[in-house]
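Colleague: I'd like to learn how to read a model like this one. Could you walk me through a few features?

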Amino acid sequence: MSEATGLAAGDWTALAEELGEYGSALTPRILTPGECREVAAMYDDVERFRSTVDMARYRFGSGQYRYFANPLPQPVRELREAFYPRLLPIARDWAEKLGRPAPWPDTLKEWLAICHEAGQPKSAQILLRYGPGDWNALHQDVFGEAVFPLQVVIGLDRPGADYSGGEFLMTEQRPRAQSRGSSTTLPQGQGLVFTTRDRPVRSARGWSTAPMRHGVSTVRTGRRRTLGLVFHDAK
Ligand SMILES: O=C(O)CCC(=O)C(=O)O
Ligand SMILES: [Fe+2]
């Protein structure tokens, strides 16, 4: 897999700044088109997954996703391990600004042990598949007390060529004001790092927090598939 090179090549100072400003930031390409196809093709391999969620059934939107079972397939495990140490300094910096605890150890392995002790033993890595008319309602991926504040979604199809619509959406709830929205077209093989709950916002007296949610606009045509990485496990 080429993800290690893509992540190393990234300008993480610029990415952290953008993430702080908007609550999301794109990485350089981390998967080749062939690797995207390989990951996307795992969807039909049902033994790899612990459950399938029909989004309409839970009123999460429309479409389907599957939670990978442990042990995770190698490319998914490697991507998660490669991202964790890059995201950790940003998570710690935000926690410091907001005066919050920063319970995340130096390694993903140690952090997952903490999640498991907190009653969150299940993998929350997902493959999503959207067809025409499908969409993902605005939400936050918090599954318990143990939360890592940043997550990543990787585009597996080509916007404009394989599908239309299906922009990644975020809303930011501003204090005593109306919300700000943003959209990102997710290029194939690139990751979007985004905040799970909120972002720190500079205020008159230091820092305050702006709650954020994410979702996906309706896919108009074609098929849009993504890989979602979260760094805490689930109940
Ligand atoms: O499909 C997407 O772009 C977003 C999916 C999602 O909600 C996530 O990765 O947490
Ligand atoms: Fe999500």
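Colleague: How do the residues of the shell around ligand 1 divide into nonpolar, polar and charged?

Modeller: Keep in mind that this is a predicted model. Sort the shell by residue class: five are nonpolar, four polar and one charged. The residues around ligand 1 are Leu-128, Asn-136, Asp-141, Val-153, Phe-168, Leu-186, His-214, Val-216, Thr-226 and Gly-228.

Colleague: Which strands each supply at least two residues of that shell?

Modeller: Strand E13 (206-216) and strand E15 (224-229) each do.

Colleague: Where does UniProt place the "domain: Fe2OG dioxygenase" feature?

Modeller: The unreviewed UniProt entry puts that feature at residues 120-234. To read such a span, look at its ends and its secondary structure. Here the end C-alpha atoms lie 4 Å apart, and the span is 54% strand and 0% helix.

Colleague: And the largest nonpolar core: which residues have the most contacts inside it?

Modeller: Those are Leu-87, Ala-91 and Val-193, in a core of 50 residues. Helix H4 (residues 74-98) gives this core its largest share, nine residues. Take Ala-91: setting aside neighbours within four places in sequence, Ala-91 is in contact with Ala-102, Trp-104, Phe-148, Pro-149 and Leu-150.

Colleague: Arg-77 lies in helix H4 too. Why is Arg-77 classed as partly exposed?

Modeller: You count neighbouring C-beta atoms. Arg-77 has 16 others within 10 Å, so Arg-77 is partly exposed, since buried needs 20 or more and exposed means 12 or fewer.

Colleague: How far is the Arg-77 C-alpha from that of Leu-229?

Modeller: They're separated by 9.5 Å, although the two residues are 152 apart along the chain.

Key
Residues numbered from 1 in each chain as written. Chains lettered and ligands numbered in written order. Predicted model: local features only at pLDDT ≥ 70, side-chain atom pairs only at ≥ 80, totals over all residues. Near = placed C-beta within 6 Å. Nonpolar A, V, L, I, M, F, W, Y, C, P; charged D, E, K, R; others polar. UniProt positions renumbered as here; feature names shortened; annotations may be inferred. Core = buried A, V, L, I, M, F, W, Y, C linked by C-beta atoms within 7 Å. Contact = placed C-beta atoms within 7 Å.
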